[in-house]
Amino acid sequence: MANRHLVPQAKDALNRFKMEAASEVGVNLKAGYNGDLTAKQVGSVGGQMVKKMIEQAEKGMQ
């Protein structure tokens with residue numbers, strides 16, 4: 001079930017979001033294979049994505 005999107009049309013937007021988050025934390029994420037990144041780098045990208053999603057959810061609650 002990994003890598004399946006609930007809304008397949010959102011795939012491109014999610015990839016752009018991931019690249020933006022990587023840029024914000026200084027991780028050189030590239031399209032395709034990124035197996036050369038450390039767990040710390042990948043975790044910082046994921047953490048930034050979650051942080052931004054929480055911010056958006058909070059804005060939606062106002």
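**Close-up views of salt bridges and a loop residue**

**View 1. Glu20, Glu24 and Lys52 form a linked network of salt bridges.** The model is predicted: local features need pLDDT of at least 70, side-chain atom pairs count only at pLDDT 80 or more, and totals for chains, interfaces and linings use all residues. Residues are numbered from 1 along each chain as its sequence is written, and side-chain values use heavy atoms, with hydrogens and water left out. A salt bridge is defined here as a side-chain nitrogen of Lys or Arg within 4 Å of a carboxyl oxygen of Asp or Glu. Side chains of opposite charge can pair when their charged atoms come close. The structure holds three salt bridges.

**View 2. Lys52 pairs with Glu20 in a salt bridge.** The closest N and O atoms of the two residues are 2.9 Å apart. Because Lys52 belongs to helix α2 and Glu20 to helix α1, this pair ties together parts that are 32 residues apart in sequence. Helices (H or I, at least four residues) and strands (E, at least two) are DSSP runs, numbered from the N terminus. Lys52 is buried, at a relative accessible area of 18%, while Glu20 is partly exposed at 39%. In these terms, buried means under 20% relative accessible area, exposed over 50%, and partly exposed in between (1.4 Å probe, protein chains only).

**View 3. Lys52 also meets Glu24 in a salt bridge.** The N to O distance for this pair is 3.0 Å. Glu24 lies in helix α1 and Lys52 in helix α2, so the pair ties together parts that are 28 residues apart in sequence. Glu24 is partly exposed, its relative accessible area being 42%.

**View 4. Asp36 and Lys30 form a salt bridge.** Their closest N and O atoms are separated by 3.1 Å. Asp36 is exposed, with 54% relative accessible area, whereas Lys30 is partly exposed, with 36%.

**View 5. Asn34 occupies the loop between α1 (11-24) and α2 (39-61).** With a relative accessibility of 18%, Asn34 counts as buried. A polar atom of the Asn34 side chain lies 3.1 Å from the backbone oxygen of Gly32. Leaving aside neighbours within four places in sequence, Asn34 is in contact (heavy atoms within 4.5 Å) with Asn28 and Leu29.

Technical notes
Polar contact = N/O pair within 3.5 Å; in protein donor to acceptor, adjacent residues only side chain to side chain.
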